[in-house]
Amino acid sequence: MPKRILQGVVVSDKNDKTVVVNVERRFKDPLLKKIVRRSKKFHAHDENNAAKVGDIVKIRECRPFSKLKKWEVYTDEA
């Protein structure tokens, strides 16, 4: 099964091996016919504590690391 990949901005890196990533999506509202923005914060596993606040990172769905962490910071190894 393919894993979902999202892109967002790191808003917190205070926890050890964890970053909080704000992911924003845009879509057209069916009633108002306007483009609206919705954002959600995801806790992601960062093994090397490499990501800092303000960085744009990609996160990938993975096995649960804890109650909140079901994503990991993803780098293209291509």
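The side chains of Arg-4 and Glu-61 meet in a salt bridge, with 3.3 Å from N to O. A salt bridge here is a side-chain nitrogen of Lys or Arg within 4 Å of a carboxyl oxygen of Asp or Glu. The pair links distant parts of the chain. Arg-4 sits in the segment before β1 (5-12), Glu-61 sits in strand β4, and 57 residues separate them.

This is a predicted model: local features need pLDDT of at least 70, side-chain atom pairs count only at pLDDT 80 or more, and totals for chains, interfaces and linings use all residues. Residues are numbered from 1 along each chain as its sequence is written, and side-chain values use heavy atoms, with hydrogens and water left out.

## The whole chain

The protein chain has zero helices and five strands. Along the sequence the pattern reads β-β-β-β-β. Helices (H or I, at least four residues) and strands (E, at least two) are DSSP runs, numbered from the N terminus. The C-alpha atoms fill a box of roughly 45 × 30 × 30 Å, taken along the principal axes.

How much of the chain is buried? Buried residues make up 27% of the 78 residues. Buried means under 20% relative accessible area, exposed means over 50%, and partly exposed lies in between (1.4 Å probe, protein chains only). The chain exposes about 6,100 Å², and carbon and sulfur atoms supply 51% of that area. Accessible areas come from the Shrake-Rupley method with a 1.4 Å probe; for residues, only the protein chains shown count as cover.

Contact means heavy atoms within 4.5 Å. Take the contacts with a separation of 6 or more: residues 24 or more positions apart account for 48% of them.

The chain carries 20 positive and 11 negative side chains. Lys and Arg count as positive and Asp and Glu as negative; His and the chain ends are not counted. The centres of the two sets lie 9 Å apart. For this, the place of a charge is NZ of Lys, CZ of Arg, CG of Asp or CD of Glu.

## The salt bridges

The structure holds four salt bridges. The table lists some of them.

| Pair | N to O distance |
|---|---|
| Arg-4 and Glu-61 | 3.3 Å |
| Lys-17 and Glu-47 | 3.1 Å |
| Glu-72 and Arg-60 | 2.8 Å |

Start with the ends of the Arg-4 pair. Arg-4 counts as partly exposed because its relative accessibility is 48%. Glu-61 is partly exposed too, at 24%.

Now take Lys-17 and Glu-47, whose side chains meet in a salt bridge. This pair also links distant parts of the chain: Lys-17 is in the loop between β1 and β2, Glu-47 is in the loop between β3 and β4, and they are 30 residues apart. Lys-17 has a relative accessible area of 32%, so it is partly exposed. Glu-47, at 44%, is partly exposed as well.

What does the salt bridge of Glu-72 and Arg-60 tie together? The side chains of Glu-72 and Arg-60 meet at 2.8 Å, N to O. Glu-72 lies in strand β5 (residues 71-74) and Arg-60 in strand β4, so the pair ties together parts that are twelve residues apart in sequence. Glu-72 counts as buried because its relative accessibility is 19%. Arg-60, at 26%, is partly exposed.

Where is Asn-49? Asn-49 lies in the loop between β3 and β4 (56-61). With 30% relative accessibility, Asn-49 is partly exposed. Leaving aside neighbours within four places in sequence, Asn-49 is in contact with Asn-15, Asp-16, Lys-17 and Thr-18. A polar atom of the Asn-49 side chain lies 2.8 Å from the backbone nitrogen of Lys-17.

Asp-29 is in the loop between β2 (18-28) and β3 (35-45). Asp-29 is buried yet has no salt bridge. The nearest side chain of opposite charge, Arg-38, is 5.7 Å away. The Asp-29 side chain does reach the backbone nitrogen of Leu-32, at 2.7 Å. Beyond its neighbours within four places in sequence, Asp-29 is in contact with Lys-34 and Val-36.

Leu-68 is in the loop between β4 and β5. Leu-68 counts as exposed because its relative accessibility is 53%. Leu-68 and His-43 are 25 residues apart in sequence, and their C-alpha atoms are 6.2 Å apart in space.

Methods
A polar contact is a pair of N or O atoms within 3.5 Å; within protein, one must be able to donate a hydrogen and the other to accept it, and residues adjacent in sequence count only if both atoms are side-chain atoms.
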